[in-house]
Amino acid sequence: MNSVEHVNDFIAELNAIVGDRPEQLLQYLYRIQYRYSFIPPQAVQLLAARLSVPVTRVQGVIEFYSFLHDTARGDFDILFSDSISDHMLGSRQLAHSLCERLGVRLGEPRGDGRVSVDLTSCTGMCDQGPALLVNGWTVTRLDEARIEAIAGLIETATPTDEWPVEFFAVEDNIQRRDLLLTSAISPGGALQTLMNKGSQRILEELDTSWLRGRGGAGFKTAAKWRFCRQAEAQQRYVVCNADEGEPGTFKDRVLLNSYADDVFEGMTLCAGVIGASQGYLYLRGEYRYLLDPLQTVLERRRRAGLLGRNIIGQDGFDFDIDIHMGAGAYICGEESSLIESLEGKRGIPRKRPPFPVTSGFRRQPTVVNNVETFMAAAEIAVHGADWFTAVGTGQSTGTKLLSISGDCARPGIYEYPFGVSIRQILQDCGGGDAQAVQVAGAAGSTVPQRDFDRRIDFDDISTGGSFMVFNQQRELLDMVQNFTRFFAHESCGFCTPCRVGGTLLKDLVDKVHSGHGTKYDLQQMREIGALMRDTSHCGLGSTAPNPVLDTLEKFPAIYQSRLRDSSYEPAFDLDAALQEARQISGRDQDTAHFETES
Amino acid sequence: MSENKTFTLDTESIEFQDGDTVMDAALRAGAYIPHLCHNPEFEPHGSCRVCVVDINGRRVSACTQPAVEGLEVENNSDAIKLERRALLQMLFVEGNHVCPGCEKSGACQLQAVAYYTGMLDPHFTHFFPRREVDASHADIAIDFNRCILCELCVRASRDVDRKNVFSVSGRGIDSHLVINSPSGTLGDSDFSATDKAAHVCPVGAILHKHTGYDKPIGQRLYDRQPISVVGDVAEHEGKDHG
């Protein structure tokens with residue numbers, strides 16, 4: 001059924017859905033990948049011709065995004081989520097077990113082409129992991145029994161839509177609701193308020209509410225919308241950043257599953273305020289299971305007159321929303337990379353200035369906001385600024401959704417007013433045995449026990465929502481290693497310090513982790529980390545060394561305990577370097593090895 | 001329109017025009033800010049980070065930073081020199097740069113900037129990547145071992161030659177230059193030795209055949225004077241061939 005000869009027909013079929021613009025390249029590739037398990041060479045040529053782009057542009061995009069491949073994966077392409085939270089739940093052992101059962105090696109498709117098993121960056125299921133993706137579909141709560149069942153389903157070539165539905169169950173897992181999650185609005189509520197009060201009043205309301213971007217950076221939403229509205233332009237765009245890639249973050253998944261109307265309402269409100277007629281939801285590829293339900297919500301809103309032409313009966317209020325899929329690239333959570341990706345390109349962050357509010361999608365003024373921000377904006381429009389500022393602290397008004405995972409009794413989504421202490425959160429989620437908490441994901445900071453009275457807000461510990469608990473038994477260096485590998489894997493490769501420094505740093509952490517590091521290596525790590533932090537092109541590069549720099553300062557013992565006594569150790573293993581020579585010569589006796597220290 | 005707007009580069013006052021970057025104005029004034037991926041003929045890129053300067057305690061790339069009246073730009077502090085040297089060292093260990101065996105030696109900007117920053121060794125662990133040499137074209141050879149991903153050939157071929165011969169593919173440390181032709185080799189593309197893209201490579205990655213060592217080592221662009229005095233190799237292309 002998936003015979004590659006028909007790729008031409010399939011592209012023609014897709015053409016009817018996504019059109020001919022070069023910026024649709026990634027959307028074509030994402031669909032072709034899941035149809036054929038790779039991008040066949042014919043497809044590369046056909047797409048280049050159809051979209052009038054060089055073949056190297058198609059190739060460049062395929063090689064940039066982790067989920068796209070130019071050689072065939074297995075008919076069942078399995079990707080284990082490789083977040084530290086999955087590790088802590090035993091994901092590596094389960095991946096190993098599945099490989100053993102199927103007789104397949106990690107990263108290499110099986111000889112018969114039936115299956116491939118590999119690892120991928122955090123899939124956003126940390127509260128119900130370990131998790132994997134099979135042909136892009138999320139499977140949660142893995143254990144040995146489930147792995148055994150999956151191996152059986154693959155050996156019998158059972159299509160994924162005939163697998164037990166409970167394998168694909170993704171629960172919202174909301175553990176604590178506050179302002180935002182208890183005040184959902186009726187569809188059209190915010191738009192009606194916009195009509196009654198006008199854009200200026202809505203902007204004033206947002207201004208007074210002190211709503212700040214929920215992605216972590218904390219830019220004032222009213223200011224962003226106002227800049228965009230004031231920029232000279234033929235077109236303006238509204239983009240919702242649902243590329244929730246920060247390891248340990250999964251709140252947007254929940255909002256898009258159960259509060260999609262509020263999110264789309266916020267986007268439409270923004271469109272009305274700034275004067276945009278087109279919006280995009282950029283959905284991370286890992287959330288493929290959300291695509292159809294979200295399309296259904298959009299369709300329902302179109303029928304209800306909340307999207308499309310003359311919204312809520314208002315002449316000339318035209319706005320619609322398309323969903324664009326990401327394809328496995330953490331960098332696309334950075335707003336200018338996200339825009340590049342929306343334009344069907346490799347997700348390389350743009351130079352600033354200009355900023356997206358003046359020159360974004362198609363070089364037109366563009367508002368890019370987080371899922372949670374749009375939802376909050378819609379609710380503020382209806383309930384008013386005072387309702388919002390009634391909770392929170394200082395210039396961190398309202399609430400924040402936290403995605404809590406790791407060593408705690410009750411992982412899940414917690415909505416708290418800003419200003420809540422780490423200690424309080426740990427008490428609520430059952431994380432009493434914590435030695436440290438990683439706040440704001442891999443790029444965030446590791447908070448030691450002595451700092452548990454610190455608070456979550458923009459002035460103390462700012463976060464996009466990730467909150468991972470590590471108990472007393474955990475080796476924090478495992479976390480550092482996981483994060484450092486993550487960043488080396490996710491670097492876009494554009495600038496020198498992040499591209500090269502990220503890999504150098506990863507190798508040094510591996511060296512220390514394996515017990516071969518010295519004081520000299522720690523000094524190297526500090527210097528490379530500082531260089532990355534200070535000279536990188538974008539936020540990914542400058543925050544990538546955080547896990548190393550932060551723990552070197554706060555938890556020096558996790559490094560010291562593994563150091564060699566000598567002041568210097570070579571970066572390579574002399575004996576291992578001779579392995580190839582031993583293979584060629586067929587000599588593997590003791591004398592063909594260096595003496596190893598005991 | 002002609003009132004003199006200025007900013008300060010270390011101790012020097014630099015005049016600039018509207019729309020200038022710090023790099024544009026510095027180049028015009030003859031002040032040297034080390035750089036590799038920048039060439040004033042093309043849109044600024046900001047990827048090599050070698051032109052990093054300090055403005056109000058923040059590091060920015062001079063080639064992308066708009067000039068602003070009264071800006072105080074620090075270009076020559078010890079800290080910045082060390083950072084530049086480390087960036088150069090990273091570029092050296094990332095590829096396979098063997099200066100004594102490279103035809104471009106003496107007229108290579110990577111080598112010249114490395115000398116300028118006082119780099120004496122590669123310092124970091126070598127990656128020793130396995131990369132190809134593409135000698136399929138009649139007049140030009142490409143040695144991917146020496147490519148530093150500055151994308152000057154990409155920009156020149158796209159914006160001047162209108163051929164899109166070069167492009168960057170891959171991600172992270174696997175990023176690499178690719179050639180737009182059916183076989184992926186240069187000989188199979190419509191590239192020509194007279195293309196602008198054949199005359200902008202700051203290192204020894206894009207080499208003209210049949211002219212090797214026309215100019216002996218010792219008489220080359222950077223053999224007698226530092227890059228801070230004689231400037232970029234691309235400026236001299238065609239004049240005396242480096």
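Tutor: Helix axes are lines fitted to C-alpha atoms over the stretch in contact, and angles run from 0 to 180 degrees between N-to-C directions. This is a predicted model: local features need pLDDT of at least 70, side-chain atom pairs count only at pLDDT 80 or more, and totals for chains, interfaces and linings use all residues. Residues are numbered from 1 along each chain as its sequence is written, with chains lettered from A and ligands numbered from 1 in the order in which they are written.

Student: How are two packed helices described?

Tutor: By the angle between their axes and the distance between the axes. Helices (H or I, at least four residues) and strands (E, at least two) are DSSP runs, numbered from the N terminus. In chain A, the axes of H11 (residues 251-258) and H15 (residues 371-383) come within 9 Å and cross at roughly 50°. H11(A) is therefore oblique to H15(A); angles under 35 degrees count as roughly parallel, over 145 as roughly antiparallel, 65 to 115 as roughly perpendicular and the rest as oblique.

Student: Which residues make the contact of H11(A) and H15(A)?

Tutor: Contact requires C-beta atoms, placed from the backbone, within 7 Å. H11(A) contributes A:Lys251, A:Asp252, A:Leu255 and A:Leu256, and H15(A) contributes A:Val371, A:Glu372 and A:Met375.

Student: How many residues of chain B are in contact with chain A?

Tutor: 28 residues of chain B, meeting 30 residues of chain A. On the chain B side, helix H2 (78-94) and strand S8 (166-169) each supply at least two residues. The largest share, six residues, comes from H2(B).

Notes:
Two residues are in contact if their C-beta atoms, placed from the backbone, lie within 7 Å.
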